[in-house]
Amino acid sequence: MFFHIKELQYHAKPERPDPVYARKLQEVLGGQFGEITVAMQYLFQGWNVRGDGAAYKDLLMDTATEELAHVEMLATMIARLLDGAPVETLEDAARDPLVAAILGGSNPQHAIVTGLGAAPTDSNGYPWNSRYTIASGNLLADFRANLNAESQGRLQVARLYEMTNDRGVKDMLSWLLARDTMHQNQWMAAICDLESKEGVIVPTTFPKQLEKQEVSHVLFNFSRGEASATGPWAHGPAPDGGVFQYVAKPQPLAPEPHLPPAPPYIFDTPPQVLNMKGPHQPPM
């Protein structure tokens with residue numbers, strides 16, 4: 001059961017209208033790493049917790065519910081950035097060659113489709129997609145995905161912070177940056193907690209004897225030069241207790257594959273054509 005508290009979690013009021021910035025702000029609302037994504041990701045992860053995992057489930061549900069509050073804050077800010085925006089603002093944006101080239105000015109759908117309101121889309125109007133979310137049922141895998149989502153989200157908010165001089169917008173973004181700091185920290189703490197209990201390789205329960213353990217800790221160098229050999233991932237202890245090895249010139253372990261011709265009803269290129277010399281091929 002959910003309750004909607006009508007007051008916002010934090011202020012979401014700009015100093016002045018700015019439809020071009022409203023479009024930019026759509027990215028952290030409905031983009032791949034936006035607030036809708038993390039809200040839905042954490043909700044489904046929480047709903048899918050099985051067994052006696054109350055602490056983890058509550059952490060997920062607490063954070064998911066807060067992210068819904070951030071969705072409301074951003075939707076409110078976008079609507080207020082669109083409220084009372086004069087036509088001249090749009091025309092000025094169109095005169096800026098950088099804005100015209102990168103952003104194309106404001107989002108016309110804010111006026112045509114949403115009636116000066118936010119939409120569940122990114123900054124280019126692409127609809128939010130549930131494929132952005134991850135809820136696998138494996139908490140260690142999911143918490144790592146959450147850490148990535150919060151890292152990418154905070155990065156985008158930090159970039160947006162530098163794209164405005166509006167003190168009201170910066171104030172709200174400052175709050176979101178701080179909450180993203182907390183969320184990154186909490187997922188790192190949760191990851192460490194699970195790793196200390198079950199190990200670091202996901203899934204931890206798959207029998208090790210069923211994998212080719214002779215290559216479980218080998219770094220194959222497939223780049224020109226050997227720069228990758230200088231990192232801690234090439235030599236010494238691995239996080240799971242193994243020992244890293246480095247192979248400078250990896251060799252193939254299986255012969256070249258040769259597939260038999262497909263049946264005639266598949267209508268692939270006929271085998272005799274593949275072996276036939278064409279008029280433009282030089283003689284052997």
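Is W128 buried, partly exposed or exposed? The points below take up this residue and its surroundings in the predicted model.

1. W128 is partly exposed, because its relative accessible area is 22%, a value that lies between the limits of 20% for buried and 50% for exposed.

2. A pair of aromatic rings is described by the distance of the centres and the angle of the planes. The model holds seven aromatic pairs. One of them is formed by Y10 and W175, whose rings are stacked, with 4.6 Å from centre to centre and 5° between the planes. This pair connects distant parts of the chain, as Y10 belongs to the segment before α1 (19–25) and W175 to helix α9 (residues 167–198), 165 residues apart.

3. Y10 counts as partly exposed, at 22% relative accessibility. W175 has a relative accessible area of 26% and is likewise partly exposed. The rings of W128 and Y132 have planes at 80° and centres 6.5 Å apart, so this pair is edge-to-face.

4. Ring pairs also join Y42, Y56, F143 and W187 into a cluster. A contact of another kind involves Y161: K170 lies over the face of its ring, at 3.6 Å from the ring centre.

5. An open sheet is formed by three strands in the order β1-β3-β2, with mixed pairing. β1 (218–220) and β2 (236–237) are at the edges; each has a single partner strand, so one side of each lacks a neighbour in the sheet.

6. β1 and strand β3 (residues 243–247) run parallel and are joined by three bridges. Opposite F220 stands V247 in β3.

How values were computed: Residues numbered from 1 in each chain as written. Predicted model: local features only at pLDDT ≥ 70, side-chain atom pairs only at ≥ 80, totals over all residues. Heavy atoms only, no water. Phe/Tyr/Trp six-rings, centres within 6.5 Å; stacked < 30°, edge-to-face > 60°. Helix = DSSP H or I, 4+ residues; strand = E, 2+ residues; numbered from the N terminus. Buried < 20%, exposed > 50% of the residue type's maximum accessible area, 1.4 Å probe, protein only. Lys NZ or Arg CZ within 6 Å of the ring centre and 35° of its normal. Pairing = 2+ DSSP bridges.
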